[in-house]
Amino acid sequence: MRILLVASAYNSLTQRVEAELRDRRHAVEFHLAGDDGALRTAVRRAAPDLVIAPMLTTALPRDVWSAVTCLIVHPGPPGDRGPSALDWAIHEQAGAWGVTVLQADEVMDAGPVWASASCPLPPAAKSDLYRGEVSDAAVEAVLRAVRRFASGTHSPRPQGGPHWRAPDHTRPYLRQEQRRIDWERDGTDTVVRRLRAADSRPGVLDELLGEEWYLHGGHPERTLRGRPGEPLATRAGALCRATADGAVWIPELRRRRRPGGPVGVKLPAVTALGDALPRLPELPAPLMPAEDDPVWSDIRYTERGPVGLLRFSFPGGAMSTAHCRRLLDAYRFALTRPTAVLVLGGGRDFFSNGIHLNVIEAAADPAAESWANINAIDDLVEAVLTTTDRLVVAALGGNAAAGGVMLALAADEVWCRRGAVLNPHYRRMGLHGSEYWTYTLPRRVGAEQARRLTERALPVSAASALGIGLVDRVLPCTPQDFGARAAHLAGLTAASPTVHGRIAAKKAAREADERARPLADFRSAELAVMHRQFFDPDAPYHALRSAFVRKSPAPAATA
């Protein structure tokens with residue numbers, strides 16, 4: 001079928017739906033919602049059999065949904081209505097949730113239902129759940145709805161009448177007044193839940209050190225204590241703040257926009273506060289804590305016999321210069337351990353999206369910070385590529401893009417969860433890219449496929465990635481189970497009688513490749529192009545980066 005995707009942003013769910021539909025040989029086009037006239041033109045031009053809206057913040061025009069069937073993906077179970085569905089679910093501690101695919105109608109979220117799917121809601125942040133369990137349910141429901149529509153025999157169920165059993169549960173937008181934290185009264189669990197219900201957008205508006213900030217993300221701290229609301233310590237760019245009965249780590253802040261001022265940029269908390277931050281102790285977490293130690297850290301190393309597990313989780317998958325350097329230090333530590341297999345990643349959300357565009361945008365010299373960041377991630381990739389005394393597995397429980405995909409490709413094997421989406425390209429940011437991709441990507445998929453991936457700049461599903469050799473294994477499991485599944489498979493790999501032969505073979509192959517063309521040659525050629533793109537003030541990268549960071553319309557990208 002011809003399907004037109006319409007969304008308010010080309011977000012993770014939209015990309016996954018697009019990739020899954022393309023896998024099933026549907027002809028898919030994407031249109032960014034917001035301009036009703038442009039949408040009407042897009043519908044006339046595409047002449048779709050079906051319109052699907054995976055993420056929509058505004059209503060579709062009546063004349064559009066009257067002329068062609070339009071399916072809306074609502075991140076709530078049948079009967080749920082309103083613009084803050086998942087926020088309310090986390091806010092109210094729902095243990096189970098769902099996604100409904102319904103037909104656009106006069107009343108928002110009230111049209112007839114084509115399909116629905118249920119999902120669990122484990123304790124995690126909203127954006128993590130949205131990209132994980134909710135995304136899985138959404139894809140299941142969308143594909144079922146598409147099959148039913150294609151059959152020509154299915155009639156969607158009206159929301160009402162004798163056969164409708166779901167209660168009408170309409171809720172308003174979850175406002176800041178309801179999200180607000182009462183530091184004097186709210187305990188750590190309550191504060192973390194409020195923060196997690198708003199972690200990506202909109203954040204929780206709060207006053208901190210005499211200014212208004214949106215707080216993004218939250219992790220419990222069970223040891224530190226202080227006067228409620230008081231900043232206590234820092235760790236890896238995050239700020240620890242006292243609650244009524246403990247404390248919470250807040251990884252990111254975004255300054256509230258002043259009238260007439262620029263849009264605030266979400267940044268690591270310590271970076272955002274800058275000179276306003278009082279002198280606080282930096283309390284690093286142990287890199288290799290006890291298995292049951294609840295200490296929060298964005299990088300953690302553990303061992304299970306001959307398997308090393310180096311897990312990392314950075315907000316939004318973005319890796320700043322500091323993130324890359326700390327992860328490289330942790331990787332070097334892991335190489336001192338007596339293991340045969342080292343698993344890099346294994347968390348349930350983003351693996352990596354490459355360099356940290358927000359930190360770059362906020363830097364005094366964005367070009368210089370871009371240069372420092374790309375060299376820091378190149379150093380990390382080089383360390384993985386030149387590891388020849390053990391097998392390295394990149395374990396992608398969630399999505400990866402740009403330099404994050406190329407970081408994964410530096411490993412000997414790439415394993416990903418079935419729901420992961422990969423974007424192995426840089427074009428949408430107007431960049432050529434580095435991270436040794438001109439060596440690793442053609443080596444895996446061939447020169448022609450590498451050209452298609454980087455030039456077409458389309459999302460790739462886990463199944464398609466496996467089919468073209470971009471990844472080696474796809475694990476059909478929930479986000480919550482991925483880490484344990486990857487660790488188990490790594491254990492089987494380490495116990496295999498062929499493991500030492502594979503390590504010897506990879507060392508020989510690396511030496512042969514180095515003789516044919518040194519890694520330094522690939523890096524210098526990539527960085528020569530990147531240097532021009534970073535330091536030319538008229539290069540498209542700067543406008544594209546600013547638009548991406550500030551969520552504004554982007555100019556056309558070229559690279």
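Start with who touches whom: among contacts between residues at least 6 apart in sequence, 68% join residues at least 24 apart. Keep in mind that you're looking at a predicted model, so let's treat it as a guided tour of that prediction. The protein chain has 20 helices and 25 strands. Its radius of gyration is 24 Å, close to the 24 Å the globule rule gives for 559 residues, so the chain is as compact as a globular protein of that length. Along the principal axes, the C-alpha trace spans about 70 × 60 × 50 Å. And 55% of the 559 residues count as buried.

Now let's zoom in on some helices. A handy place to begin is α12, which covers residues 366–385. How does α12 sit against α10? Helix α10 (residues 321–335) packs against α12 at an angle of about 20 degrees, with the axes 8 Å apart. Angles under 35 degrees count as roughly parallel, and therefore α10 and α12 are roughly parallel to each other. The crossing of α10 past α12 is left-handed. If you'd like to find the spot, look for Thr321, Cys324, Arg325, Leu327, Leu328 and Tyr331 in α10, which meet residues of α12 including Ala372, Ile377, Leu380 and Val384.

On the α12 side, the residues making the contact include Trp371, Ile374, Asp378 and Leu385, while α19 brings in, among others, Leu519, Arg523, Met530 and Phe534. By class, the contact has ten nonpolar, three polar and four charged residues.

Follow α19 and you'll come to one more partner, helix α14 (residues 437–445). The axes of α14 and α19 come within 8 Å and cross at roughly 110 degrees, which makes α14 roughly perpendicular to α19. Trp437, Thr438 and Tyr439 of α14 make this contact with Leu519, Phe522 and Glu526 of α19. These residues divide into four nonpolar, one polar and one charged.

Conventions:
Residues numbered from 1 in each chain as written. Predicted model: local features only at pLDDT ≥ 70, side-chain atom pairs only at ≥ 80, totals over all residues. Heavy atoms only, no water. Axes fitted to C-alpha atoms, helices over the stretch in contact; angles between N-to-C directions. Helix = DSSP H or I, 4+ residues; strand = E, 2+ residues; numbered from the N terminus. Contact = heavy atoms within 4.5 Å. Nonpolar A, V, L, I, M, F, W, Y, C, P; charged D, E, K, R; others polar. Rg over C-alpha atoms; globule rule 2.2 N^0.38 Å. Buried < 20%, exposed > 50% of the residue type's maximum accessible area, 1.4 Å probe, protein only. Parallel < 35°, antiparallel > 145°, perpendicular 65-115°, else oblique. Left-handed = near helix turned anticlockwise from the far one by under 90°.
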